[in-house]
Amino acid sequence: RRQRQMCIRDSFMVKEKINLSPSLNVDAILSQIAEKYNNEDLDLVDGVRIDFKDCWVQLRKSNTEPIIRIYSEAKTIDKAQDLIKEIETLVNQLTN
């Protein structure tokens, strides 16, 4: 598993993907995540984007593979990676 990291402007972006079983309902997983973060600023146009005060994370399902792609951006690389880990943990809890 290789995590991608980029520095964009004065922030850091991290990309990751979660491999899922083809039998899982990815839309239901994304809906549950949106429900968990319903007190934050959500954008559901292209997956689930959660905007926090100083960072954001977006989850998108693939139409060709049983995966969820996760993108995060924050002022520090550690915060961007922590957002990814938080979402990965939540997805693992929802799918196990």
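Predicted model: local features only at pLDDT ≥ 70, side-chain atom pairs only at ≥ 80, totals over all residues.
Reader: Let's start with the rings. How many aromatic pairs does a search of the whole structure find?

Author: One. Tyrosine 37 and phenylalanine 52 pair edge-to-face, with 6.0 Å centre to centre and 85 degrees between the planes.

Reader: OK, and which parts does that pair tie together?

Author: Tyrosine 37 lies in the loop between helix 1 (26–36) and strand 3 (41–43), while phenylalanine 52 is in the loop between strand 4 (48–51) and strand 5 (56–61), so the pair links parts that are 15 residues apart in sequence.

Reader: Which charged residues sit over rings?

Author: Among them is lysine 36, which lies over the face of tyrosine 37, at 5.7 Å from the ring centre. There's also arginine 49, whose charged end sits over the ring of tryptophan 56, 4.0 Å from its centre.

Reader: Switching to the core. Which residues touch the most other members?

Author: The largest nonpolar core has 23 residues, and the ones touching the most other members are Leu20, Ile33, Ile50, Ile68, Ile70, Ile87 and Val91. As for elements, strand 2 (11–19), helix 1, strand 4, strand 5, strand 6 (67–74) and helix 2 (77–95) give two or more residues each.

Reader: Which element gives the most?

Author: Helix 2, with six residues.

Reader: What is isoleucine 70 in contact with?

Author: Leaving aside neighbours within four places in sequence, isoleucine 70 contacts Val14, Lys15, Glu16, Ile18, Val57, Gln58, Ile84, Ile87 and Glu88.

Reader: Back to helix 1. Which residues there are buried?

Author: Val26, Ile29, Leu30, Ile33 and Ala34 are buried in helix 1. They span an arc of only 140 degrees around the axis, so they are on the same side of helix 1.

Reader: What do they pack against?

Author: Those buried residues pack against strand 3, strand 4, strand 5, strand 6 and helix 2.

Reader: And what caps the N-terminal end of helix 1?

Author: Asparagine 25 does, with a side-chain oxygen 3.1 Å from the backbone nitrogen of aspartate 27.

Reader: Last one: where is asparagine 63?

Author: Asparagine 63 is in the loop between strand 5 and strand 6, and its 72% relative accessibility makes it exposed. Its C-alpha atom is 24 Å from that of aspartate 51, with the two residues 12 apart along the chain.

Notes
Residues numbered from 1 in each chain as written. Heavy atoms only, no water. Phe/Tyr/Trp six-rings, centres within 6.5 Å; stacked < 30°, edge-to-face > 60°. Helix = DSSP H or I, 4+ residues; strand = E, 2+ residues; numbered from the N terminus. Lys NZ or Arg CZ within 6 Å of the ring centre and 35° of its normal. Core = buried A, V, L, I, M, F, W, Y, C linked by side-chain atoms within 4.5 Å. Buried < 20%, exposed > 50% of the residue type's maximum accessible area, 1.4 Å probe, protein only. Contact = heavy atoms within 4.5 Å. Arc of directions from axis to C-beta. Polar contact = N/O pair within 3.5 Å; in protein donor to acceptor, adjacent residues only side chain to side chain.
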